[in-house]
Structure formats: C-alpha cells, structure tokens
Amino acid sequence: MVVRITPSILNANLANLASEVGRIPSADGLHIDVMDGHFVPNLVMGAPFVESLRPATNLMFDVHLMIENPDRWARQYVEAGAQSVTFHLEAATAPIKLARELRSMGARASVALRPATPVEQLADILTEFDQILLMTVEPGFGGQKFLDPVLAKIRKARKLIDATRKDIWLQIDGGVSADTIERAAEAGADTFVAGSAVYRSDNPDHVVASLRNRALAAQVCAH
Ligand code: DX5
Ligand code: ZN
C-alpha cells in the first residue's frame, strides 16, 4: 500500500509561508485549509492567497474547503492552482455535479465528512471522487485531539473504496501525530493531514518522515 503525508499549513507561521513550505520537501502535498466563518467558527485563507502561494513550491496543493456553498466557490481554487479540491458533503447542494466540474477542469475531486456524518451517505457516489476525507476532529481549528470513534468509519470507508477497485485516496485530518497515525493507518487510511505535529516541531521534515514510517509499518501489520 501507499502512504501520503500532506501537512497542513494552518499552524505554520502565516507571515512567512513561502519559507515555511520549504521546510517540508519530503511531503506529498500541501494541505491548505480554507474557512469562511460560517461552516466553521474560524476564518482563514481564500483563493487569492492560494494563487500567491503557488509559485513558492512545486508541492501538490490539496485545498480543504470548510465553507458554505462550495458549489459556487470551489472552481476558483482550481484556477488559483490547486491540484485537489475537497468540499464538505454537508455543505454542498449538488455534490456529483460539483465533483464532475472539478474533474473537468483537470483537478482531483475530493469530498469531506464531519466526524458524525455517516460514511454510508457516500456509498452510491464514491466513484465520483478521487479522494474521501474523513475528519478526525470537528473542523475549524488545529491542535485538537484525535476522535477515536472515527476509526470505525475509516474501516467502513476502506471496505467501500476497495469494493470499487478504483484508486480513491482515503485521507484523514485532525489530531494526526506519532500517537495516533498508526491506528488510523491500521484502520485503512492512506493519506494523512498533520498540522500542529509537523509545524510545531523544530524539524518539520523529520516529522513528515517519521509519520510516514509509522503509517507504513502499521499498514504492513494490518495486511
Ligand atoms: C482543522 C483543519 C486541519 C488542521 C489540522 O479543521 O482542517 O487541517 O490544520 O491540524 P492538526 O493536525 O493540528 O489537528
Ligand atoms: Zn484540513
């Protein structure tokens, strides 16, 4: 199996982002959190910001929209340079239509679920997406505690994805650290967002490598 580590820059030094992204050369992508102050009680980063950051790195941009009405706003993040755009199922009016639009623009389409949203809601539309993001904290802030009840949902999502025989990535986001990544990988996640664990460390790239190794070892044990 594969492990991807996509650090979140939410807890990086936002005044020096161009140099902060240079501190994680071995990451598989950069997770950029967008919040609108409505879908979540926090406000950060929009499309102009993504566009300005684009020349600073070659890393894939994995944009996570925690906003109302993604049907209206998501496409502009592809135009701003995102290779993958995640929107929340709870916020989208027409998720299939939106996923198809994102794909037609050449981006990966990804859908996110809050911790309490059942994964079964995706069962019939899974192949419309390139990635499923299961939140392992309530979205809105970095530095929260990993919610263990989501592990059962990761297992269910893994089964649903395997049954499609498609290469759909299973990403988790929230509270990912050396203490939690192994159980999430064992449950079937393959793509891991880590914010504070990476950027509150003196050596972010070392944390990326060690998270990757832990996840890989846990996957081997699980299979
Ligand atoms: C939270 C964001 C996360 C956040 C993760 O709503 O979606 O991407 O940055 O931060 P940690 O890893 O600190 O939980
Ligand atoms: Zn996120």
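In particular, which strands each supply at least two residues of the shell around ligand 1?

Modeller: The model is a predicted one, and within it the strands in question are β2, spanning residues 30-36, and β4, spanning residues 61-66; each supplies at least two residues of the shell around ligand 1. As for location, ligand 1 sits in the largest pocket. There are 19 residues around ligand 1, and those that come nearest are G140, G143, D173, G195 and S196. Sorted by class, the shell comprises seven nonpolar, 10 polar and two charged residues.

For D33, a side-chain N or O atom is 2.8 Å from an oxygen atom of ligand 1. The side chain of S8 likewise has an N or O atom 2.8 Å from an oxygen atom of the ligand. Taken alone, ligand 1 exposes 380 Å², and the protein buries 100% of that area.

Turning to charge pairs, the whole structure contains 14 salt bridges. One of them joins the side chains of K97 and E101, with an N to O distance of 3.3 Å. Because K97 and E101 are four residues apart in helix α5 (residues 95-104), about one helical turn separates them. In general, side chains of opposite charge can pair when their charged atoms come close.

Technical notes:
Residues are numbered from 1 along each chain as its sequence is written. Chains are lettered from A and ligands numbered from 1 in the order in which they are written. This is a predicted model: local features need pLDDT of at least 70, side-chain atom pairs count only at pLDDT 80 or more; totals for chains, interfaces and linings use all residues. Side-chain values use heavy atoms; hydrogens and water are left out. A residue is near a molecule or strand if one of its heavy atoms lies within 4 Å of it. A polar contact is a pair of N or O atoms within 3.5 Å; within protein, one must be able to donate a hydrogen and the other to accept it, and residues adjacent in sequence count only if both atoms are side-chain atoms. Accessible areas come from the Shrake-Rupley method with a 1.4 Å probe; for residues, only the protein chains shown count as cover. On a 1 Å grid over the protein atoms alone, a cavity is a set of points where a 1.4 Å probe fits but cannot get out, and a pocket is an open set with protein on both sides within 12 Å along at least five of seven lines; lining residues have an atom within 4 Å of a point. A molecule sits in a cavity or pocket if more than half of its atoms lie within 2 Å of its grid points. Ala, Val, Leu, Ile, Met, Phe, Trp, Tyr, Cys and Pro count as nonpolar, Asp, Glu, Lys and Arg as charged, and the others, Gly among them, as polar. A salt bridge is a side-chain nitrogen of Lys or Arg within 4 Å of a carboxyl oxygen of Asp or Glu.
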